[in-house]
Structures are given as C-alpha cells and as structure tokens.
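The entries follow in the order in which I checked them.

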Amino acid sequence: MDILKKLTEEFPSVREDRAKNIIALIDEGNTIPFIARYRKEMTGSCDDQVLREFNDRLQYLRNLEKRKEEVAAAISEQGKMTEEIQGALETAATLTEVEDVYRPYKQKKKTRASVAVERGLQPLADLILAQDKAADVRAEAEKYVDAEKGVPDADAAIAGAKDIIAEIVSDDANVRKKLRNLFMKNGVIETRLVNTDKEESKTYEMYADYSENVAQAKSHRILAINRGEKEGFLKVKISFNEEIAKRIASAGYLKDGGYSTQLVREAADDGCDRLIFPSIEREVRAALTESASEQAIKMFEVNLKPLLMQPPVKDKVTLGLDPAYRTGCKIAVVDGTGKVLDKTVVYPTPGPKQNIDAAKAKLKELIAKYGVQVISIGNGTASKESEIFVADLIKEVKAETGREVAYIVVSEAGASVYSASPLGAEEFPDYDVAERSAVSIARRLQDPLAELIKIDPKSIGVGQYQHDMDKKRLDSVLSGVLEDCVNSVGVDLNTASVSLLKYVAGLNAGIAKNIVLYREQHGKFTCRGEILRVPKLGEKAFTQCAGFLRIRDGENIFDNTAVHPESYGAAQKLLELFGYTEQDVAENRIGGLPEKVKAYGEARAAAVVGLDVPTLRDVVAELIKPGRDIRDSLPKPVLRQDIMDISDLAVGMELTGTVRNVVDFGAFVDIGVHQDGLVHLSEITDRFIKHPSDVLKVGQVVTVWVKDVDVKKKRIGLTMRDPARKKVANAR
C-alpha cells in the first residue's frame, strides 16, 4: 500500500507535498502543537485537529502494513502462500480483513474439524467438496471406518468430513466479508428487558421490546444497550434473513454434484449456524461498539475543548461556595490571582446546624473585608438552596451598602476528585477535602483551564458514556485536547503549575516538576533561554516548548508573545523595516503594523525579514497584542443576581442560558433554575443540521424559549427557534 497516496485521498485538503512534510515532521519527533503553530508553510496551515486525525490515520495504516507483513510471513512459514492469498492481503483495507485472510492458517484450539482431520478424514472432505457425480461417497466413506480412531461407521466418517467443510466455509475471507456487510446493512438489533423485578431495570424500559436496523442505530443507543446488557437488564441479539445469508455462504461452493452437493450444502448451513453467524454477530456488535465509542469520544472532545477554553473571569475577588446540608457550606475567598485569602464554614441550608442569619452575617463580613465581587457556587448537593440563599444575600448587600455582587453556578464535577487527590493534598496540606473543593470552585471561574487541568478529564462531567470507553483510546484523545488548549492559550513560565506545564509541547510531568523546582530555587525566569538550565530539558524540548511559554516583564518583549525564539531575529528586522522598536511593542504603539505590511506586500516583507508568509502574519498578530489571551475574545459567562424556580417558567418565556453539555440528540442548557433544560436536535435551528455540535458548543451563551415544563419530573424542554418569528411566518 502506498500510504502517502492513501492519506492524500482521505485528506483531500492536504496536498501530497504537504502530506509528505507532515509525515517527515512527525517522524522527526515534532509535537502536533509545534507543527500546527510553527510549521504552517510546510503543512498548508493545517490546524491541530486535522493534524491529529492525520497522525491517527498514519499510525493505523502503518500498523495495518506491519500486520500484513506478519501474516504473510506466518503463512509463508507454513508453505501455504499463494498469489491469491498475497493479493488478498495487499487489497485488505482494514485489520479485520487481514485477520479474515489469516483465519484459515491461524493455529486454532481443538475444534470438531481439527478432530476430524486428526482422524484422517481430510481426503474424504476434499472428495465431497469436488462434487464428482461419478464418485460413490458412501463407498469411499467406508474406507475411513476405524473404531480406534473414533470413526465407527460410514455415517461418522461423512459427518466428520462435513465438519471439515463447515470450517472451510466459515474461514473463507470472502464469505465472511459478504456476510458482515449483510449484517451491517440489513441486520436488526433487538433487545428484551429482563430482571424486571429490580428497580434499576426502569432505566432501560424503552428497550423492553425494542428493535432497530443496525445501519440506522445511533451511537448513544448502542452504548445504552451495551450498558444495559452489561448490568444484566437487557438481552441483545442481531437478527437477519438466515436463508439469504446461507445462500450467500454456500454459493461459491455448490456444484451440480448430486449427493455430494447436498452434503456440501448441509455442511455450509451447519457452518453458518454453528460458526459464522455467532462469530459475525460478535464482530458486528464489536464494530458498532467501536463506532459508537469513537462518536462518544468525539463528543467528549467536542465538549471538553470549549469547557476548558471558557473565558476566565479575571482580576475579580471571588468567593467559592461548596454547598452541603449536614456538614455546612464550605467557603473560600480568593483574590484576583487565585490566592486564598480566607476560609470558613456556614450553615444556610437545611440541616441540624442551619442558621441563615449567622451565615448571612459571616458572608457579608467577608464581602466587605475583601471586596468580593462575584460568588461561585458549586452545582452539587444543596446547590438550589445555596443559590436561593446567595440571591437573597446579594439583594441585602446591595440595599445595605450599594455594593454590586453577582453570582454564578459552576459545574463542580471533578472538584471532589481533585480535593482528594495527591495534587490537592500537596497544594493545600492543611485544608480538609471540602475546603479544597471550595477553593477549586472559586478558581475554576477565574481561570477554568488552569483549574480543570488538574482533574482527570473523565470526571469533568461532559460527554456521554465516557466511563464505558476504552481507557487507552480515551486518554489519548483527551490528552490531545488538553495539549491543544494549553498550547493555544500559552503558559506563564513563572506562575504555571506542574499540571499546566506538563501539557506544554515537548514537556512531560518530570520536566514540568524540574521547572517548578528550578523556579523555587533560583527565582523567576527572566528569559525563555534560561529554561535550558533546567535538568533534563534539552535543545529538542526547548524547540518544541519555547513558543508556548510566556515571561511577563522579562528581558525581551518577544518572550511575552507566541513568537518562537527561532524567529526573534526576523521579528526584530520586521520592526526595524517599518520604523518600530521593542519599546513600541511593549507600550502597544504598533497598531498600524498590519496595514503597513499589506501596503508593502506580505510576500515581499516576508522575504526581506526571512520568514514565510503564514509565520509573518502570526508574528504581526503577536506583536500588536503581546501577552494576549485568545480566550478574552470569547463571550463572558452569564453572571446573575437573582434566581428563578422551575415553577416560575411558562411556555413561550424567553431566557438567556449557557450550554452545559452537547450530546448526539441535543444540548443541555443552564437557564438559571438549577435544572438544565434540553434543546432537542430538532429545536436548535430552522435549517437541517447533522449534529448539535454543528451549531452549539459548551460554554456558549444562547437565547432560548421554554417549549414545555414538567415540574413533577423536573424536565424542561427548550427551543432556539423563536416562537414569535414562527407565528409571523405562519401568518404569511
């Protein structure tokens, strides 16, 4: 297989020369973030997502070729390699197809066919398969009768020969491929509810007597069915037209051979019932699960990235509130940089120590003492009561002092995981678990990326069925998301935690710890080049990581930008070419640089300073706004001062909400009533979309209208299609 040609066919946006460059860059050990950011001319400005998909496919194709070589060698060692087998291996497009080719030659456990072969019945099977009308099969079978070998009569000999033929048909790669396609296109997945006496079975009531075409089965339903089967509440099978399947299986083996042909047909049918159908059903279930898992992982990726990239609420003194009933609400006040100023416990929620007045008095004291500007409330147990309490508190603070305080409910998913982790204990050794959670809840509003990066992504609470996924594959994808987010934002070398630094391109946990240790021993870094003094950080790692590290107020203004050190000389020439200095950059006085470059000619300017055009554009963008945070341009979180209850909602009511999770069938939106509402796929837009993620992403602020409310079941149906506009359209 020509892997380069295959990749350019599958990635039409990547020219062959650029595909060759990407492969070379990957093979040289360059990281995806580095390639995406600093080798745009070589890749055609491919973004990190395309590069990761390209790399995944490259590795699959290489593994496929390696497996083909292994299989070819194994068959050749047996002396059974033929041009036909070699051709089948060369045309195999998947690992499954390669294994199909290898199946007849793979060492098997003891089977009925292998027993028959041991009894010397292979020649009889070959005779029957030849289907010669002139052959007297029964008379030939008599020759193989041998009680000592377990062949007492001619019928037993024929039965053994049929077992051999059944396995031959079952091992036929072409037969298996055709039947697999039949199952995938025309099969029906059917489920039946069992163990109905258990309360948990109600979760799977929709699958009590359920069937759906395999080809149309949605990923989230496949995963739900799998979980129900695993938990013992569902029986699952794939049904199909067995008669057609058997005709397909035997078609290539039947001749007009009278009695012999009848025996071959019986053997092929037996091979289908006993060997092929169960095996193919398992393969189809596995393929459906793999596809559904990839979709679920993709959804996790789609949700995780915008969640991590939510704009930070910077420079605001924040009060984090971790809600609880019996043990009280843990409080932590942090300054604009995330430094903990104070902590306490209050009891505003129902419980043995409830004291709303004392809780209000204590929080008013903290708000006044530290100038608290926003309250971040975790959305876990007792969140609703805490939110009501905070809304009342804010009204009183404003009435008594005129101070404006806002609040927001944040997802506390993973906060308890972080709090009980070694990292949490290391960061706050003198705090208990709940106190650490309160700090985390405050900080995840101030800088979601820096705080959420400390938590296992599977515990962050977005996506679907993430705990059912292949751990290695999920971790690989999520690590890629974390890496892309961290490197696209950049990391302050003098303040970043190990949790952040380890995701910088070219670094790992060990080097990240060494950087922090060096910083603690020698003080702040004053230039990027100084990190070369960090143990185990060599030139190669420096090349990969340097552009993603920021040093504010350092010796070189370029160190506070995404300009790579390899381009410092070119950046200096660029400034000189258009009459600017580094001081102008530091004082934001080069706003007119883009226009000057365009007037001069980008290609000409790039040639003069020694850059390619894509890199020139990036350098210009960085010099205009040194130290910029790309998250600042995104819509800010919705801060609230009052609260609504689900009972306050009415059909048609217009609300502003924040997307909390995007799934295959729609999106869940926080509208400030503690219970997220569902915008079904059909209610997202008037135009056709394949998936909610085509339009929505986590953290996005949207306008919605209440479609229906079920207070008893706490279900809220929302629409993003303006009912008023719809009425006007209908009136016309």
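Predicted model: local features only at pLDDT ≥ 70, side-chain atom pairs only at ≥ 80, totals over all residues.

I took helices (H or I, at least four residues) and strands (E, at least two) as DSSP runs, numbered from the N terminus. Residues are numbered from 1 along each chain as its sequence is written, and side-chain values use heavy atoms, with hydrogens and water left out.

Entry on Phe240. I found Phe240 in the loop between β3 (234-239) and α14 (242-250). Its relative accessibility is 17%, so Phe240 counts as buried (under 20% relative accessible area, with exposed over 50% and partly exposed in between, using a 1.4 Å probe and protein chains only). Leaving aside residues up to four places away in sequence, Phe240 touches Phe183, Ala245 and Phe277, where contact means heavy atoms within 4.5 Å. I also looked up Asn556, 316 residues from Phe240 along the chain, and the C-alpha atoms of the two are separated by 70 Å.

Entry on Ser437. Ser437 belongs to helix α20 (residues 433-446), and it counts as buried because its relative accessibility is 5%. With residues up to four places away in sequence not counted, I list Asp322, Ala415, Ser416 and Ser419 as touching Ser437.

Entry on α15. Why do the end C-alpha atoms of helix α15 lie 70 Å apart? The helix has 50 residues (259-308), which at 1.5 Å a residue should span 74 Å, so the separation agrees; the expected span is 1.5 Å times one less than the number of residues.
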